[in-house]
Amino acid sequence: MKKWISCILLSALLITALPVSPVTAAETDCTGKLVASGSNINVSLSFPLAVTEKITSLRFKLKVSITSGKMNEPVFTFNDAVKSDVKESGIISGNDNYIVDVVMSGKKGNLVFPANGQADIGTLSLKPSGSVYKISTQFTGVNGEAPSAEYVTETGQSAIEVPLVNTEIITTEGSSSGQSSSSSGGYVPSATKKPDASAEPSATPSATSTPGVNEPSGTSAPGTTEEPGGDITFDKDKKPSMSASAKKGSRVVTFKWNIIDGADGYIFYSASGKSGNYKRIRTILKPDRITCNVTMAYASSYSLRMRAFKTADDGSRIFGQYSKIKKLTTAPVKVKGVKARISGTKINLSWKKVKNAKGYQIYAGKKKNGKYSLVKTLKKGSVLKTTVKNSKKYKYFKARAYVNNASKKRVYGNFCAGVKAKA
């Protein structure tokens, strides 16, 4: 989600630890509530009594699943009462589902909502495209499957993730006889929940993890765990074949892989830079699926891998082998704030800094939507201005940033729109 990290830093004006004292379950419970009105879903959150500081930044996700029929991309609208410098809702589409990533963030004193309170965040408008449909909406995890939210207080330094308890799945149906909405199912807190297929492995390093690499496991090493009885034939010794790619100028990574016989799903992991610490970024619960998209950070290098799993009768997971590691660097964000000023025989160019950029390229052309040619390459991301010769050929300018991947090859961001040089 763009701006989330920067907004977290913006919120963290002071470094103060939250007070640690014994609290009851009721004092630590956070609740997400969905109320349906036709094809509109009202979304609200209540935070626990134990949060004594005021919340300036908040993030949570909703999952919209299409059980039957069709729908267009949903729209999330914030309530006017929500006061925040940043109010954004990213929509990520998948196979028969959408993930709605909701972010609010502000400076100290600009509160999402006060401590010990409930906030009506906004309304999610579903967009069914036919008269017969069935759509379910539920809270999901910020970093996993279990419902959760992240928040930052006005004196906090980093985001705190908390589970959302007692959340329900809202099912919206439409037919030739009319529309109806109902609540079905519920999410039981993990402390009392019977293990199921959506439970994630623990953060304990696996017995087969690479030295120095932290991986979730929750089960014995691949190939050593007994399979459940019956006719299950999970090929846990087969290593998945996985590819990972991103389109030019994009931070969306597309994964493709082969089906592993007997698997119930697949889990994808990433490690940033040289940290070597892998984190789970996506869980696929459809065993016949062979592709998915994951939105990563701009201008960042990742090591990526995956593995398949089988769910045993007791709800625990049996894991297969990891795929080979794929390295990938996402493109930097589009350059903004480009200015071109004519000054005698020179044209002065300037632009805003792009995070993590290693350099910039400047192109020029006679027409805004015509052909452009490279006129300057700047090999330092800290350089934010340059000059070129004033020429009749140089009427419009556009720029793009680049980063270097693991092979020292450039990965370019998208060009900004052409900017006309002015006197």
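A residue is called buried when its relative accessible area is under 20%, exposed when that area is over 50%, and partly exposed in between, using a 1.4 Å probe and the protein chains only. C292, at 3% relative accessibility, is buried because of this cut-off. C416 also counts as buried, at 9% relative accessibility. A disulfide is a pair of cysteine sulfur atoms within 2.5 Å, and a search of the whole structure finds zero of them.

This is a predicted model, in which local features need pLDDT of at least 70 and side-chain atom pairs count only at pLDDT 80 or more, while totals for chains, interfaces and linings use all residues. Residues are numbered from 1 along each chain as its sequence is written, and side-chain values use heavy atoms, with hydrogens and water left out.

The protein has 423 residues, and 43% of them count as buried. Its secondary structure consists of two helices and 28 strands. Here helices (H or I, at least four residues) and strands (E, at least two) are DSSP runs, numbered from the N terminus. A contact means heavy atoms within 4.5 Å. Of the contacts in the protein with a separation of 6 or more, 66% join residues 24 or more positions apart.

Next come the nonpolar cores. A nonpolar core is a set of buried Ala, Val, Leu, Ile, Met, Phe, Trp, Tyr and Cys residues joined through side-chain atoms within 4.5 Å. The largest one has 32 residues, and F47, L58, F60, L62, F76 and I121 have the most contacts inside it. Strand β3 (residues 55-68) provides the largest share of this core, six residues. Another core, of 21 residues, lies apart from it and includes M242, C292, M296 and L328.

P74 belongs to strand β4 (residues 71-78). Is P74 buried or exposed? Its relative accessible area is 2%, so P74 is buried. Leaving out residues up to four places away in sequence, P74 touches I91, Y98, V100, L124, S125 and K127. From P74 to N40 the distance is 9.7 Å, C-alpha to C-alpha, and the two are 34 residues apart in sequence.

The loop between β22 (346-350) and β23 (359-365) holds K355. With a relative accessible area of 59%, K355 is exposed. N356 is found in the loop between β22 and β23, and at 39% relative accessibility it counts as partly exposed.

Most residues other than glycine have a negative phi. N356, which is not a glycine, has a positive phi near 70°. K408 is not a glycine either, and its phi is positive at about 65°. K408 sits in the loop between β26 and β27 (410-412) and is exposed, at 68% relative accessibility.

On a 1 Å grid over the protein atoms alone, a pocket is an open set of points where a 1.4 Å probe fits, with protein on both sides within 12 Å along at least five of seven lines; lining residues have an atom within 4 Å of a point. The second largest pocket is lined by 20 residues, and G273, S301, N404, N405 and A406 lie nearest its centre. The elements giving two or more residues to this lining are β18 (301-311), β20 (326-329) and β26 (396-404).
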